[in-house]
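Trainee: I would like to learn how to read a protein model. Could you take me through it step by step?

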Amino acid sequence: MKRCQVVGATVVDGSGRDPVAVDISIEDGLITQVGASGAHGERLDAGGLTMTPGLIDAHVHLGLSSPIQPQFSFRISAAEIAADIFATAGATLDAGFTTVRDTGGVDGGLVTTIAKGKVRGPRVLSCGPVQCQIGGHGYYGADWEPTELWNSHHLPGLCALSMMSGNADELRRNVREAFRRGASFLKLCVTGGVVGAHDRLTDTQFTVEEIAVAVQEATARGTYVTVHAHNNDGIRNAVEAGVRCVEHGTDLDESTAALMATRGVALVPTFAVVEQLLHDTVGAGLDESTRDRVLGVRERMTEALAAAKEAGVRIGLGSDLIGPAQNRRGEELRLRAQLETPMEALVAATRTNAEILGLSGQVGVIAPGAQADLVLWNGNPVEDPELFADPANAVLVLKAGRVVKDLR
Ligand SMILES: [Zn+2]
């Protein structure tokens, strides 16, 4: 039995409760005690630091860690794509994120490799390839390419951005294929998107009946569907079809927000990627025109967040960072802290995200029985949320009781 104690820290436990100064006991990767306990095992001195649960990013794309357009134009080798993905996985831990939900782009082999400890990285839950309709959001190939060629952009076992379906039967086949390759939930694109020039943000994609096929397949495996959705019609189609989560939600209106609350559908807004695309489109390996597509999205997403909150929707947190610059994942908490309180941003990134991922009580919380995923911050990020954004402030990071970063 491996035991240790983290002593001397101020603890913000992820539930929204006020910080308290307590010691944490860990055995075999799990938290066993919060508060007084006998001294045994290794002692990690965290005096002067603030402890939070390991952060959770509910919307990541580890498989999109290289410059986007070169990656999908066969200009970057498989070896380099793998190196870039591994670097992002490590940088994610360094930023204090010990669990992520990959919403499109990694194949099961990558998830297993990180889980085995062969590559530094967070706990990963993945949907495998995104499900999109032919030529819909998620297709990054050239206009001239025959649809059948798209899957040749996959690097089996490493990354697979999306699968295209022409009808409900093809979608059923593709989601079964995604599960076979390691998906633990599904993601469908039900509206156009910001990245990609084949559609408009106002387009809806897939019909209610088609989305319901994916919901049926996910339900049969005890899991759920989330959707990429910007416009309100697409969000409503997805909610009517029975999905459990909506990503982005840019143009969510009050009545659809109310329907989401009634049906228990969660929202994951994504502000960091919007900032990224506004300020460094080229750095992500994307065309300048992408910036035009993102104009106005930040303001509308801010209104959607307010509407969702008012309606009582469960609201998680996701960065959606893409391309090589994914080291400042905590930007999402910094941005959310400006729109809500820093504590609300932290709770969204811990307890609420754990609920959305189906890992409630296991991660995103500092309590007996939970995974000992802990971050010790140089300062109190609930008082100064700027701290979340700079990985240098995550001084000590533990994943399942193991020290994975130590700057002390
Ligand atoms: Zn995304």
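Mentor: Start with the metal site. A donor is an N, O or S atom within 2.8 Å of the metal (3.2 Å for Na, K and Ca); water is not among the atoms, so sites may look incomplete. Here H59 (NE2), H61 (NE2) and D320 (OD) coordinate the zinc ion, at 2.0 to 2.2 Å. A word on the source: this is a predicted model, where local features need pLDDT of at least 70 and side-chain atom pairs count only at pLDDT 80 or more, while totals for chains, interfaces and linings use all residues. Residues are numbered from 1 along each chain as its sequence is written, and side-chain values use heavy atoms, with hydrogens and water left out.

Trainee: How are the donor residues of the zinc ion spaced in sequence?

Mentor: The pattern is H-x1-H-x258-D.

Trainee: Is H59 buried or exposed?

Mentor: Learn the scale first. Buried means under 20% relative accessible area, exposed means over 50%, and partly exposed lies in between (1.4 Å probe, protein chains only). H59 has a relative accessible area of 0%, so H59 is buried. H61 is buried too, because its value is 6%.

Trainee: Next, the rings. How many aromatic pairs are there?

Mentor: The rule covers rings of Phe, Tyr and Trp (its six-membered ring). They pair if their centres lie within 6.5 Å; planes under 30 degrees apart count as stacked, over 60 as edge-to-face and the rest as tilted. By this rule there are five aromatic pairs. Take F72 and Y140: the ring centres are 5.3 Å apart and the planes stand at 85°, so this pair is edge-to-face.

Trainee: Where in the chain do F72 and Y140 lie?

Mentor: F72 is in the loop between helix 1 (68-71) and helix 2 (78-94). Y140 is in the loop between strand 12 (130-133) and strand 13 (159-160). The two are 68 residues apart, so the pair links distant parts of the chain. Helices (H or I, at least four residues) and strands (E, at least two) are DSSP runs, numbered from the N terminus. F72 counts as buried because its relative accessibility is 8%. Y140, at 18%, counts as buried as well.

Trainee: What kind of pair do F72 and W150 form?

Mentor: Their centres are 5.9 Å apart and their planes at 35°, so the pair is tilted. W150 sits in the loop between strand 12 and strand 13, so its pair with F72 ties together parts 78 residues apart in sequence. Both F72 and W150 are buried. Ring pairs link F72, Y139, Y140 and W150 into a cluster.

Trainee: Which ring does the charged end of R244 sit over?

Mentor: The test has two parts. NZ of Lys or CZ of Arg must be within 6 Å of the ring centre and within 35 degrees of the ring normal. R244 sits over the ring of Y224, 4.1 Å from its centre. R101 lies over the face of F185, at 5.4 Å from the ring centre.

Trainee: Last topic, sheets. What is the strand order in the open sheet of four strands?

Mentor: Two strands pair if DSSP finds at least two bridges between them. The order is 5-4-1-6, with mixed pairing. Strand 5 (30-34) and strand 6 (42-45) are at the edges with a single partner strand each, so one side of each has no neighbour in the sheet. Strand 1 (residues 3-7) and strand 4 (residues 24-27) run antiparallel, joined by four bridges. C4 stands opposite I26 in strand 4.
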